[in-house]
Amino acid sequence: MRITSTSCICPVLVCLCFVQRCYGAAHHGSIKVTRNQTKHIEGETEVHHRPKRGWVWNQFFVLEEHLGPDPQYVGKLHSNSDKGDGSVKYILTGEGAGTIFIIDDTTGDIHSTKSLDREQKTHYVLHAQAIDRRTNKPLEPESEFIIKVQDINDNAPKFTDGPYIVTVPEMSEMGTSVLQVTATDADDPTYGNSARVVYSILQGQPYFSVDPKTGVIRTALHNMDREAREHYSVVIQAKDMAGQVGGLSGSTTVNITLTDVNDNPPRFPQKHYQLYVPESAQVGSAVGKIKANDADAGSNADMKYMIINGDGSGVFSISTDKETREGILSLKKPLNYEKKKSYTLNIEVANTHLDFRFSHLGPFKDVTMLKIIVGDVDEPPLFSMPSYVMEVYENAKIGTVVGTVAAQDPDSTNSLVRYFIDHNTEEDRYFIIDANTGTIKTAKIFDREETSWYNITVAASEIDNPGLLSHVPVDIRILDVNDNPPELAREYDVVVCENAKPGQVIQTIRATDKDNSANGPRFHYSLDEGLSLNPNFTLRDNEDNTASILTRRRRFSRTTQDVYYLPILISDSGIPSLSSSSTLTIRVCACERDGRVRTCHAEAFLSSAGLSTGALIAILLCVIILLAIVVLFITLRRSKKEPLIISEEDVRENVVTYDDEGGGEEDTEAFDITALRNPSAAEELKYRRDVRPDVKYAPRHQPSSGLNSIDVHEFIRQRLAEADLDPSVPPYDSIQTYAYEGHRSEAGSISSLDSATTHSDQDYNYLGDWGPEFKKLAELYGEIESERTT
């Protein structure tokens with residue numbers, strides 16, 4: 001197949017097309033394709049030969065941006081198998097086939113139906129095939145070819161990053177690079193000059209220039225001054241076709257700003273200044289301002305003001321305001337018109353950030369002279385001191401002089417001064433002041449322990465001008481007198497162990513005094529002398545403002561006495577000395593051998609005897625069981641039926657039970673034993689109530705004697721005989737009981753009930769050394785010894 005193209009633009013392509021066409025004409029417009037042939041030679045085998053491709057192949061070109069009414073002819077496909085009889089059909093497939101590119105299936109002519117843009121797509125890949133129209137079988141294999149879109153100059157250069165903003169320091173050297181700009185052209189850079197760009201400057205000369213090839217912008221002048229002109233707008237043009245006529249162009253704007261450098265010194269607008277300052281100006285206040293000008297900006301315009309000489313350098317000071325760049329003149333000392341009426345200052349200003357590249361432009365500082373005029377004003381009275389400190393005793397009477405303040409009019413008129421106290425607080429009401437002399441006196445009674453300092457303010461004014469006031473602080477200290485006795489520093493909880501030894505320290509006490517150190521320590525401790533000597537405790541003054549409480553005897557008993565009270569007398573060292581009495585409460589506690597307190601509460605006897613908790617519980621259970629048995633027994637007895645009353649005629653056995661137990665011989669309340677001791681009182685015959693007697697007996701008389709001379713034993717024996725011989729005795733037994741222990745034994749009682757009151761010379765202290773097994777026994781006998789000592 002042969003491909004024929006007529007889309008030739010340049011002379012070279014025209015020549016190629018001409019050669020192509022001539023070559024096609026010489027060979028009848030096609031390249032023939034021979035089919036597979038088989039040649040039979042005698043004696044040789046059949047040989048198969050590879051068929052030759054029958055395509056005439058070349059590359060197609062199509063111009064972009066075609067605007068003609070007819071489709072643009074691209075080229076022609078032709079196969080050697082095509083005899084011109086229409087039996088060959090050409091088929092086109094691939095990119096844009098059927099939409100952009102169409103083919104005449106009979107002639108093989110290819111046309112472009114749309115306007116193409118190379119910047120969107122540079123080439124198209126298609127496939128061509130020739131088939132038999134009758135059988136639809138391919139006559140030749142499918143082949144691939146390319147249709148390239150040929151570029152034309154249809155795109156202008158563009159600056160993608162514009163507009164630009166850039167800075168360059170002022171006073172830069174000529175040719176200093178500022179910025180490089182770059183323009184892009186979408187046309188084909190490999191074909192012609194469509195994408196060849198050159199740069200030129202349209203606006204910004206003669207200050208800046210641009211390199212036509214690289215687009216680098218440079219300064220065209222030297223020593224460009226920011227203070228003369230700061231902003232520049234430079235327009236740069238980029239043109240393709242190497243800048244030739246007919247080329248397309250684009251432009252951008254570059255905004256260039258000159259940055260500041262320190263090339264200008266500060267300057268005072270005037271060489272002489274004058275300032276009025278009243279003499280009433282306060283020290284430390286600002287009295288005036290002065291400013292120098294600097295054409296630079298930013299830190300290059302920073303400056304500092306100084307007073308270099310003048311008679312007012314010690315009275316005034318100057319500082320720099322960094323925001324406004326002004327010199328602030330302040331007063332260091334008070335002014336007095338009557339002493340000095342004017343001052344002269346030489347003030348210098350200088351840049352703080354110097355650039356030595358421009359030091360040749362001159363010194364970067366300036367000097368001016370300032371004359372200060374002091375103005376005369378009516379001043380308030382002036383106190384002789386800036387503050388006063390006075391003292392007064394706390395027991396001072398009302399009207400006592402504390403001190404005197406003094407003020408005078410500083411003006412030449414020397415007016416009289418009056419004084420008064422500013423009663424702004426309650427403290428000011430404790431004092432009064434003489435309006436003419438300034439003498440301060442007390443108005444109330446003071447207590448240093450409540451307030452030790454008073455701060456008041458005294459004001460002074462001129463009689464001629466009361467509106468002018470001056471004030472002075474007065475601090476008054478209240479001096480101490482010995483008016484508070486010492487007392488214990490705190491409430492002490494004093495404990496003494498039962499096993500304490502004589503001379504043992506059980507507590508150290510301290511005292512405090514509301515008065516100051518001159519009327520307080522050293523403190524003296526002693527026991528109250530008005531009381532008798534304490535046998536249990538004593539006190540020792542340690543001579544360091546403390547005292548120790550010591551025991552006098554061995555061992556104490558909680559069961560005998562669990563609390564002791566010890567009065568203590570404390571006196572201070574003031575003049576005159578004051579004293580107070582305090583009472584210490586001392587509790588008796590059980591302690592371990594190492595002195596640790598075990599308990600301070602009184603314990604039951606069984607517990608002190610050493611019984612364990614389990615034993616106490618067992619005893620308690622036994623008591624409860626016994627009580628239950630007694631209650632049950634009483635309940636059963638009450639539930640029994642009461643017997644019938646026995647009449648006087650009833651001769652059956654009658655036993656009367658009273659269940660009344662007497663208190664013994666010493667009990668004279670429950671039973672009168674006089675009847676036993678005085679038989680004569682019972683001489684009259686007593687008849688039984690259950691038997692009526694038949695015989696009456698005359699009363700027997702006994703010799704009278706004292707009660708103590710009666711033989712009670714003989715009396716009982718006689719009563720027994722009478723009972724046995726009584727004829728009126730009933731036929732059943734009758735029991736009469738007379739119980740008598742007899743006289744008291746001369747040997748005395750062997751009971752242990754009163755043994756605690758018996759004095760013994762035996763010392764049981766050795767029991768404490770027998771070990772823990774005899775600990776409780778030692779404590780018990782220790783209590784007996786303590787009680788005896790007490």
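Trainee: Are phenylalanine 101 and tyrosine 124 buried or exposed?
Mentor: Both phenylalanine 101 and tyrosine 124 are buried. Buried means under 20% relative accessible area, exposed means over 50%, and partly exposed is in between, with a 1.4 Å probe and protein chains only. Residues are numbered from 1 along each chain as its sequence is written, and side-chain values use heavy atoms, with hydrogens and water left out.

Trainee: What kind of pair do phenylalanine 101 and tyrosine 124 make?
Mentor: The structure holds 16 aromatic pairs. In the pair of phenylalanine 101 and tyrosine 124, the ring centres are 5.3 Å apart and the planes are at 75°, so the pair is edge-to-face. For the cut-offs, rings of Phe, Tyr and Trp (its six-membered ring) pair if their centres lie within 6.5 Å; planes under 30 degrees apart count as stacked, over 60 as edge-to-face and the rest as tilted.

Trainee: Which strands hold phenylalanine 101 and tyrosine 124?
Mentor: Phenylalanine 101 is in strand S5 (residues 101–103) and tyrosine 124 is in strand S7 (residues 123–132), so the pair ties together parts 23 residues apart in sequence. Strands (E, at least two residues) and helices (H or I, at least four) are DSSP runs, numbered from the N terminus.

Trainee: And what about phenylalanine 537 and tyrosine 564?
Mentor: Phenylalanine 537 and tyrosine 564 also form an edge-to-face aromatic pair, 5.5 Å centre to centre with 75° between the planes. This pair links distant parts of the chain, with phenylalanine 537 in strand S36 and tyrosine 564 in strand S38, 27 residues apart. Phenylalanine 537 and tyrosine 564 are buried.

Trainee: Which residues form an aromatic cluster?
Mentor: Tyr430, Phe431, Phe446 and Tyr454 form one.

Trainee: New topic. What is the mean pLDDT of the protein chain?
Mentor: The mean is 78, and 76% of the residues reach 70 or more. pLDDT is the predictor's confidence in each residue, from 0 to 100.

Trainee: Where is confidence lowest and highest?
Mentor: Confidence is lowest in helix H1 (residues 11–26), with a mean of 32. Strand S20 (residues 326–331) has the highest, at 95. Over residues 4–57, pLDDT stays under 50, and the model has 82 contacts beyond four places in sequence for them. Residues 644–652 also stay under 50, with 4 such contacts. Contact means heavy atoms within 4.5 Å. Where pLDDT is low, the predicted coordinates should not be read in detail.

Trainee: How many helices and strands are there?
Mentor: The protein chain has 6 helices and 40 strands. Of its 790 residues, 33% count as buried. Among contacts with a separation of 6 or more, 67% are between residues 24 or more positions apart.

Trainee: Which peptide bonds are cis?
Mentor: One joins glycine 162 to proline 163, with omega near -10°. Proline 163 lies in the loop between strand S8 (143–150) and strand S9 (164–169). Another joins isoleucine 575 and proline 576, with omega about -5°. Proline 576 is in the loop between strand S38 (563–571) and strand S39 (579–591).

Trainee: What's the phi of arginine 325?
Mentor: Phi is positive, about 60°, although arginine 325 is not a glycine. Arginine 325 sits in the loop between strand S19 (316–321) and S20. It is partly exposed, at 25% relative accessible area. Asparagine 545 also has a positive phi, near 70°. Asparagine 545 is in the loop between strand S36 (537–541) and strand S37 (546–551).

Trainee: Last ones. Where is threonine 599, and what is it in contact with?
Mentor: Threonine 599 is in strand S40 (residues 597–599). It counts as buried, at 19% relative accessible area. Leaving aside neighbours within four places in sequence, threonine 599 is in contact with Arg558, Cys589 and Ala590.

Trainee: And proline 473?
Mentor: Proline 473 is in strand S31 (residues 469–479). It is partly exposed, at 39% relative accessible area. The C-alpha atoms of proline 473 and threonine 457 are separated by 4.6 Å, and the two are 16 residues apart along the chain.

Notes
This is a predicted model: local features need pLDDT of at least 70, side-chain atom pairs count only at pLDDT 80 or more; totals for chains, interfaces and linings use all residues.
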